[in-house]
Amino acid sequence: MSAPTPETPTTSDSARASLEALRTEIGKAVVGQDPAVTGLVVALLCRGHVLLEGVPGVAKTLLVRALAATLELDTKRVQFTPDLMPSDVTGSLVYDSRSAEFSFQPGPVFTNLLLADEINRTPPKTQSSLLEAMEERQVTVDGTPRPLPDPFLVAATQNPVEYEGTYPLPEAQLDRFLLKLTVPLPSRDDEINVLTRHANGFDPRDLRAAGVRPVAGPAELEAARDAVAKTSVSPEIAGYVVDICRATRESPSLTLGVSPRGATALLSTARAWAWLTGRDYVTPDDVKALALPTLRHRVQLRPEAEMEGVTADSVINSILAHVPVPR
């Protein structure tokens with residue numbers, strides 16, 4: 001499926017069909033990660049950013065590269081290390097001896113889809129270099145703001161089992177991520193499928209040879225965002241979102257609940273999910289479907305609860321089970 005010509009207006013239905021085709025196209029390169037693919041599409045529709053958590057070797061990098069290829073987006077990868085400097089991400093002023101002037105050399109953040117690999121391996125000073133880019137969609141160097149391309153999405157990865165030599169992301173930065181997606185190990189059948197593909201010559205570095213093709217472009221993405229913005233939200237649904245978030249602030253298992261920014265994020269992701277599933281209104285099930293990935297990184301467990309095996313997901317699931325659902 002190719003992107004429509006500039007003369008062809010992109011409708012909401014055609015945009016939805018193009019984004020649904022992403023699953024099939026990305027599936028040519030990545031096996032069994034449909035929830036993560038959906039989460040990345042939701043983030044693009046909401047102009048948000050994604051934190052991908054999974055052990056090494058579960059195709060987090062390949063997933064982001066495949067998404068960029070199917071949407072014809074520019075993508076860059078930064079390996080976050082302890083010696084990485086903020087200017088290595090944002091860019092810096094470089095002296096030109098021929099003109100005797102300083103010129104700005106853009107960093108890798110000037111792209112559509114930035115893969116921040118192992119973001120928790122770099123110190124807070126470098127982590128914070130992404131805050132302005134993520135929130136304001138711009139980078140300020142030497143007092144001059146420079147806008148980033150649109151769309152712009154940061155997909156940051158982190159390893160959930162290795163803590164030595166890492167710098168946990170502060171709550172303020174975690175709150176800037178729209179979604180936290182877990183990328184699990186594949187099932188046995190999926191892992192056999194992966195090995196079979198490699199045995200047949202699949203090269204993860206050559207997505208074009210794997211048959212991955214663009215199925216959407218800027219026109220479809222913009223039409224989809226416009227349609228999501230028109231998805232209606234009843235007062236009852238807005239109240240339901242607020243009740244869920246307020247319940248996290250009162251939970252005895254948490255020291256930090258969901259902020260109003262988190263409530264806004266949950267409403268946004270629920271609207272995007274409702275539109276992707278073919279509706280122009282939000283239901284309680286849409287809110288429930290996106291509650292875990294939208295809220296799990298915005299809460300903080302009490303140490304005693306953590307010692308008892310309580311997790312952020314279990315607390316949120318308990319809240320979803322007890323907060324009254326609007327009829």
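Is Arg-47 buried, exposed or partly exposed? Arg-47 is partly exposed, with a relative accessible area of 38%. Buried means under 20% relative accessible area, exposed means over 50%, and partly exposed lies in between (1.4 Å probe, protein chains only). This is a predicted model: local features need pLDDT of at least 70, side-chain atom pairs count only at pLDDT 80 or more, and totals for chains, interfaces and linings use all residues. Residues are numbered from 1 along each chain as its sequence is written, and side-chain values use heavy atoms, with hydrogens and water left out.

**Nonpolar cores**

- In soluble globular proteins, nonpolar side chains tend to be buried together.
- A nonpolar core is a set of buried Ala, Val, Leu, Ile, Met, Phe, Trp, Tyr and Cys residues joined through side-chain atoms within 4.5 Å.
- The largest such core here has 75 residues. Leu-19, Leu-45, Leu-67, Trp-275 and Val-287 have the most contacts inside it.
- Helix α2 (residues 34-46) gives the most to this core: nine residues. Helices (H or I, at least four residues) and strands (E, at least two) are DSSP runs, numbered from the N terminus.
- Leu-19 is in contact with Val-41, Leu-45, Leu-71, Ala-224, Trp-275 and Leu-276, leaving aside neighbours within four places in sequence. Contact means heavy atoms within 4.5 Å.
- A second, separate core has 23 residues, including Leu-51, Phe-80, Val-109 and Ala-133.

**Helix α11**

- Helix α11 covers residues 260-276. Its 17 residues should span 24 Å at 1.5 Å a residue, and its end C-alpha atoms are 25 Å apart, which agrees. The expected span is 1.5 Å times one less than the number of residues.
- Among the buried residues of α11 are Gly-262, Leu-266, Thr-269 and Trp-275.
- The cover over the buried residues of α11 includes α1 (12-26), α2, β9 (179-182), α9 (218-229), α10 (235-250) and α12.
- Gly-278 follows α11, and its phi is positive, near 95°.

**Pro-293**

- Pro-293 sits in helix α12 (residues 284-295).
- Pro-293 is buried, with a relative accessible area of 13%.
- Pro-293 touches Leu-178, Leu-179, Lys-180 and Leu-181, not counting residues up to four places away in sequence.
- Pro-293 and Leu-51 are 242 residues apart along the chain, yet their C-alpha atoms are separated by 9.5 Å.

**Salt bridges**

- The structure holds 15 salt bridges. A salt bridge is a side-chain nitrogen of Lys or Arg within 4 Å of a carboxyl oxygen of Asp or Glu.
- Arg-47 forms a salt bridge with Glu-222, and the closest N and O atoms are 3.8 Å apart. Arg-47 lies in the loop between α2 and β1 (50-53) and Glu-222 in helix α9, so the pair ties together parts that are 175 residues apart in sequence.
- Glu-222 is partly exposed, with a relative accessible area of 34%.
- Asp-150 forms a salt bridge with Arg-225, with closest N and O atoms 3.4 Å apart. Asp-150 lies in the loop between β7 (144-147) and β8 (153-158), and Arg-225 in helix α9, 75 residues apart.
- Asp-150 is exposed, with a relative accessible area of 51%, whereas Arg-225 is buried at 6%.
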